[in-house]
Amino acid sequence: MNPRTPPRDPALLPRLSLTVLALAVLWPMLLLAEFNPAALFDAKNLKVMRHFLATFLPPDFSPDFLQLIATATLETLAIATAGIALAMCLGVPLALIATRSLSLSQIAMRADSRRWQGSDALRWAGRGVLMLLRGIPEIVWALLLVRALGLGPAAGVLALAITYSGMLGKVYAEILESGDARPTLALLESGSGRLAALGYGLLPGVLRELTSYTVYRWECAVRASIIMGFVGAGGLGQLMELSMRMLNGGEVVTIFITFLLMVMLADGISHVLRKMT
Amino acid sequence: MKQNMPPRPRYCLTCAATLCALMVAVIGSFWYLSLEVGGLFTAASLRHIAQFVGSFFPADFSHAHTAKIWQGALETLAISALGTLLAVIVGMLLALPASGRAGRIAKSLTRFLLNFLRSVPELVWATLMVLAAGLGPFAGTLALALHTSGVLGRLFAETLENTPTAAAAALADSGAVATTAFFYGTLPQVLPQLLAYSLYRWEMNIRMAAVLGFVGAGGLGQMLYFSLSLFQMPQACTVILAMLFLVAVVDGSSAWLRKLLA
Amino acid sequence: MSFHLEQASLTHSDGNRALENISLTAAHGERIALIGPSGAGKTSLLRLLATSLSPSSGAVSVLNHAPAQIDVNALKNLRSRIGMVHQAPPLPPRQRVITAVLAGRLGRWPLWKSLLSLLYPLDIIGAHQQLARMGIADRLYDRCDKLSGGQLQRVGVARVLYQQPDLILADEPVSAVDPTLADQVLVELLVETRSRQVTLIASLHAVDLALKHFPRIVGLRAGHIIFDLPAQQITAALLRDLYATEGTLPTQDNRPLMLP
């Protein structure tokens, strides 16, 4: 039995065109990014790097500097905590506005669309606000606020408050919607107010997830506070930026070790808090 | 006849203690930073803020400035894309030993390296790379590549560890070498997940790439930094709008690519 | 001599004693059916012959080599001459059928050829031929996860046929295949043995298929070989004894077994 000749590989054309497209995009990309590995071996750059790396050891453990680090660490933790607290103040109300799980239209007697358009519009507006708040990275806010409020932790706290309220609000709204809706609906149907229905119907089921996410966000806030310090928003980041600018490797190493310890500490606290709920 | 009521439930001491500790932490933070939230809302400071916000509008849409922004946006896009691409390659190479395919010592060493790469924030890498390779977008690309390699390398290693080995083992049993068994047996199973992680990281990286310019690593970030330093607010506003637009483009492309390759 | 097991025993890492003192020899070109109740050790025996597992005691010799004593390269070459049809085909779901079949010769192809074939299949005609023998030539470019269980099993067999090994080990190769097609698959496997003097040992659940197609039947129960006889000498009493723990004799359509 002689089988017919098999058809050609249908994947050939798409694969070929994808490869050509990828190469066509790769070349300008390399040019735009000024891809130049030779620059890493440029004599001038190597000299600067060598000098900088030479100062890395020994790390700076002098008591004055350690005290500076301790203050900066406390400042970073405070920025993160205050920022999250403010973010919750703004995020929680927005989440309640934006979530569908407390909507009275779910239990409407009449399919009167006009009546519910107003509240629908409010919900979309809430979601829009949350999206806007999240849209700009917190470090950009930090840069702007440092210009407005001056160097220091206030810029960092506000930047966190603005962006994280958007993130917390969005995820809170989604968590509320993903919970079991029946207890809440039952309460709403028996005439309960919306906040009461939330507290008695929805919250017990989703509280664990809400706290878990909030604690995770606090961990991220600690890291973000350090980053924002680079543009002048106080804390450990500002200290590191100064040390790097002065090419003082010893100080950079100590700060980096502190940073690692702090991230581990935040990780640990987060773990414990999440276990408790 | 009086009925015996069940005993009252025990008071959760740890819960109360934790709540107290949290409240102390929050209030303490505000006190430590000497932040008076009320001070933000006085008439004078509100006026100051309103003035500050107003100085951004109308945004500068002049031809010359828009041309520069277009260049900056393309540069930022290139930084994020190239940085992510390099990270995918390096991450994959490091993930192989990190998933235990080359022995326990190699696994520990590579895992340590990957953890180090991802612990250092992108901005710190960028400052270092500006020293090593000079100002400009190349430093930004390297910084993203280094940090993201750590992140993707760990994610890839975990995916590899969780893949069933039956397919690759069967090929090895019929005489294929380890490399070939990997490409024919393991890679087809993990490719969708790897692509999903990489595209997600690209979405994160475009936001980061925009910001690395603050320390001199090129792109829109560098433009924003200069505009703000010179107090050219309308120009800064256009840059921020461009950043938002770029993020939306990348998010959209990533979603489209994900659907295409699924 | 194709393979030779001398008092081979196998205990799995979880303590399960799969095989006890198995002695089995086959010449080149022999066709053997391996039957027995579930858990008898049929898969373990086949894996032992495939050099996937080492015996806990006793000697194994496959294609005139002792797998335990040869170096890595020699082992790789030996394995490329052994084809294993798995009961559950170990095929990546997203891989296309053509690549899965071509993977049969990875033991013999150089690295560059293997990698190039991933981008563009280098022997479409060869793979197509084997799939046509299995009756699924039209599925050449489909993804494996779009195939039914029976079709996947046939892809597994096609891969082994493409490999052109000197020894074929088949572990329940038609368990999920439609009864009408099961005959066709077994016939193709047997054709292969005749044309190239390839040894075939297949474990089968359906006793009637074993008796119909294979001249030599080995009965395995609880890790021991109960009998090793030509098909004509198999009696109903022997089979009843073999399958005592299962109660009934398993056949292809669950019809009662007709013995000569």
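A residue is called buried if 20 or more other C-beta atoms lie within 10 Å of its own, exposed if 12 or fewer do, and partly exposed in between, with the C-beta atoms placed from the backbone. With 14 C-beta neighbours inside 10 Å, B:Ala169 therefore counts as partly exposed. This residue has its place in helix α8 of chain B, where helices (H or I, at least four residues) and strands (E, at least two) are DSSP runs numbered from the N terminus. The C-alpha atoms of B:Ala169 and B:Ala210, which stand 41 residues apart along the chain, are separated by 45 Å.

The structure is a predicted model, in which local features need a pLDDT of at least 70 and side-chain atom pairs count only at pLDDT 80 or more, while totals for chains, interfaces and linings use all residues. Residues are numbered from 1 along each chain as its sequence is written, and chains are lettered from A and ligands numbered from 1 in the order in which they are written. The pLDDT is the predictor's confidence in each residue, from 0 to 100. Chain A averages a pLDDT of 85, with 95% of the residues scoring at least 70, and chain B averages 88, with 96% of the residues scoring at least 70. Within chain A, confidence is lowest in helix α4 (residues 113-135), at a mean of 80, and highest in helix α1 (residues 12-32), at 92. Where pLDDT is low, the predicted coordinates should not be read in detail.

Helix α5(A) is mostly covered, since 9 of its 12 residues are buried; among them are A:Trp141, A:Leu144 and A:Val146. What covers these buried residues includes α6 (153-178) and α8 (194-229) of chain A, together with α9, α10 (219-229) and α11 (233-261) of chain B. Just after α5(A), A:Gly150 takes a positive phi of about 90°.

Helix α8(A) also meets another helix of its chain. The axes of α8(A) and helix α10 (residues 249-276) of chain A come within 9 Å and cross at roughly 170°, the axes being lines fitted to C-alpha atoms, for helices over the stretch in contact, with angles that run from 0 to 180 degrees between N-to-C directions. Angles under 35 degrees count as roughly parallel, over 145 as roughly antiparallel, 65 to 115 as roughly perpendicular and the rest as oblique, and α8(A) and α10(A) are therefore roughly antiparallel to each other. Two residues are in contact if their C-beta atoms, placed from the backbone, lie within 7 Å, and the residues that meet include A:Tyr216 and A:Trp218 in α8(A) and A:Phe259 and A:Met262 in α10(A). By class, this contact has 10 nonpolar, 2 polar and 4 charged residues, where Ala, Val, Leu, Ile, Met, Phe, Trp, Tyr, Cys and Pro count as nonpolar, Asp, Glu, Lys and Arg as charged, and the others, Gly among them, as polar.

Chain B touches both of the other chains. In its contact with chain A, 35 residues of chain B meet 40 residues of chain A, and the side of chain B that touches chain A divides into 26 nonpolar, 7 polar and 2 charged residues. In its contact with chain C, 16 residues of chain B meet 24 residues of chain C. Of the elements on that side of chain B, α9(B) gives the most, with 7 residues, and the residues there divide into 9 nonpolar, 6 polar and 1 charged.

Some details of the backbone remain. Most residues other than glycine have a negative phi, and most peptide bonds are trans. A cis peptide bond, with omega at about -5°, joins B:Phe57 and B:Pro58, and B:Pro58 has its place in the loop between α3 and α4 of chain B. In strand β2 (residues 17-26) of chain C, C:Asn21 has a positive phi of about 50° although it is not a glycine.
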